[in-house]
Amino acid sequence: MTATQDPTNSTGPTSGAHAIPSYLDPNNIGPYEIYLEQVERVTPYLGKLAYWAETLKRPKRILVVDVPIHLDDGTVAHFEGYRVQHNTSRGPAKGGVRYHQDVTLSEVMALSAWMTVKNAAVNLPYGGGKGGIRIDPRKYSTGELERLTRRYTTEIGLIIGPEKDIPAPDVNTNPQTMAWMMDTYSMNVGRTATGVVTGKPVSLGGSLGRGDATGRGVFVTGAEAMKKLGMPMQGARVAVQGFGNVGEAATRIFHEHGAKIVAIQDVTGTIHSDAGIDPKAALEHLRRTGKITELPGTEEIKRDEFWGVDCDVMIPAALEKQITLANAGQIRAKLIVEGANGPTIPAADDLLAERGVTVVPDVLANAGGVTVSYFEWVQDFSSFFWTEDEINKRLDRIMSEAFGSLWDVKERHGVTLRTAVYIVACTRVLEARALRGLYP
Ligand code: NAD
């Protein structure tokens, strides 16, 4: 069967197989359920390629590993680690590694699938992958985290590599984590393999501009959406949830372009100011005190009040499943730019669409990070490094061109921007799938 043959009414090559794999609980599928629903929604727009749609619903490869380490007190602790390669039809798997106490297989599966969609949406030559360890890293020393990272890297070393699967930072992992991963992989293969991970420190084959890349992409796509909606940037009121790698950079860049930051929420609390918050002062305060609250000139508000803050643009940049039916009705922003992965559940998405709120979906809005990761990987292969200015210009161009063409698809089909991104991305993945055919 090829893409050019008529699939008639076939349900596809896995017709008759179980809809939900046995390793997921059908009564509590978890975050992967959100992704499956997104695939269901896009399938009617895939034409003949719908024949292959089942391939989108099943990760290609899942590795679950035990990660034992010596703790500083001399005892041994075991942690659950995952690496999921959702799809490799268009190129090697690519996606971050998350350290969080709530990591589950379903979550890593969903995150890896969103990477497949994201990489195809901005046309990077990658499939999708993701990894994670179920640990609260705040409770462990730097030495313990280094041992954890090195053992995890060795365990997943079977399936990662510069041409196979390239991890990067995600929640609670950073350039230092990537340096340990790169060193461990390099020791195991007997050569310095800089291209095995991205998001490394610049002195170790990292790319200039990577630190801010995701937040910068959130800004670029947000600014493009504001132009389409006729919203001026100057004085636009912005509320952000999450003040880490993505949220802090996005907030700072919006502020630099004249927007007013009216609320910031992180794990320590929520601050609000009608007069506007200076993100640099907020970051300095957070570094000094370990919390976002009690920043001079701001008031602390209750966690749930964040959603009803008077603002024009809201940026969820923390974790998934934050915008639900419980709060979507309160949101006053006209535009939501998803810095985080999977922050909006599908039912809330529908409610926002009914209320006329435009959502720039995660798979487009936060693709800046993986785009500069791609630049880093290319630079590592050629050992030739570009200037920050070149990187930012290329990033801005890729993000704004992708936004423009996806917006056109949205208008043409009369769908949400999320469905438009899924139409384009899933078509690219399934075209590759159909052209390659089934092995053997
Ligand atoms: P990070 O660890 O640097 O920051 C996470 C932030 O979220 C912190 O400020 C934390 O305090 C806050 N947070 C955690 N739990 C919270 C809660 N319950 N309520 C409010 N705030 C909470 O992580 P990051 O790299 O900025 O990633 C944030 C999101 O963006 C994740 O969904 C991640 O998958 C996604 N993302 C990250 C990148 C990247 O390049 N780092 C790229 C694409 C997508």
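Predicted model: local features only at pLDDT ≥ 70, side-chain atom pairs only at ≥ 80, totals over all residues.
View 1. For Arg303, a polar side-chain atom is 3.1 Å from a nitrogen atom of the ligand. The ligand taken alone exposes 830 Å², and 85% of that is buried by the protein.

**View 2. The shell of residues around the ligand.** There are 23 residues around the ligand, and those that come nearest are Asp170, Thr214, Phe243, Asn245 and Asn341. Sorted by class, the shell is made up of 8 nonpolar, 10 polar and 5 charged residues. Two or more residues of the shell come from each of these elements: helix H6 (210-229), helix H7 (245-256) and strand S7 (260-266).

**View 3. Packing of helix H7 on helix H8.** Helix H8 spans residues 279-289, and its axis is 9 Å from that of H7. The angle between the two helices is about 150°. An angle over 145 degrees counts as roughly antiparallel, and H7 and H8 are therefore roughly antiparallel to each other. On the H7 side the contact is made by Glu248, Thr251, Arg252 and His255, and on the H8 side by Pro279, Lys280 and Leu283. By class, these residues are 2 nonpolar, 2 polar and 3 charged.

**View 4. Crossing of helix H6 and helix H11.** Helix H11 covers residues 368-382, and its axis comes within 6 Å of the axis of H6. The two axes cross at roughly 145°. H6 contributes Arg210, Ala213, Thr214 and Gly217 to the contact, while H11 contributes Gly368, Gly369, Val372, Ser373 and Glu376. The class count for the contact of H6 with H11 is 2 nonpolar, 5 polar and 2 charged residues. Thr214, one of the H6 residues in this contact, is also one of the residues that come nearest to the ligand.

**View 5. The cis peptide bond between Tyr439 and Pro440.** Tyr439 and Pro440 are joined by a cis peptide bond, with omega at about 0°. Pro440 is placed in the segment after helix H13 (417-436).

**View 6. The backbone at Asn123.** Asn123 is a residue other than glycine with a positive phi, near 65°. The residue lies in the loop between helix H3 (105-121) and strand S4 (128-134).

Terms used
Residues numbered from 1 in each chain as written. Heavy atoms only, no water. Near = heavy atom within 4 Å. Polar contact = N/O pair within 3.5 Å; in protein donor to acceptor, adjacent residues only side chain to side chain. Areas by Shrake-Rupley, 256 points an atom, 1.4 Å probe, with all protein chains shown as cover. Helix = DSSP H or I, 4+ residues; strand = E, 2+ residues; numbered from the N terminus. Nonpolar A, V, L, I, M, F, W, Y, C, P; charged D, E, K, R; others polar. Axes fitted to C-alpha atoms, helices over the stretch in contact; angles between N-to-C directions. Parallel < 35°, antiparallel > 145°, perpendicular 65-115°, else oblique. Contact = heavy atoms within 4.5 Å.
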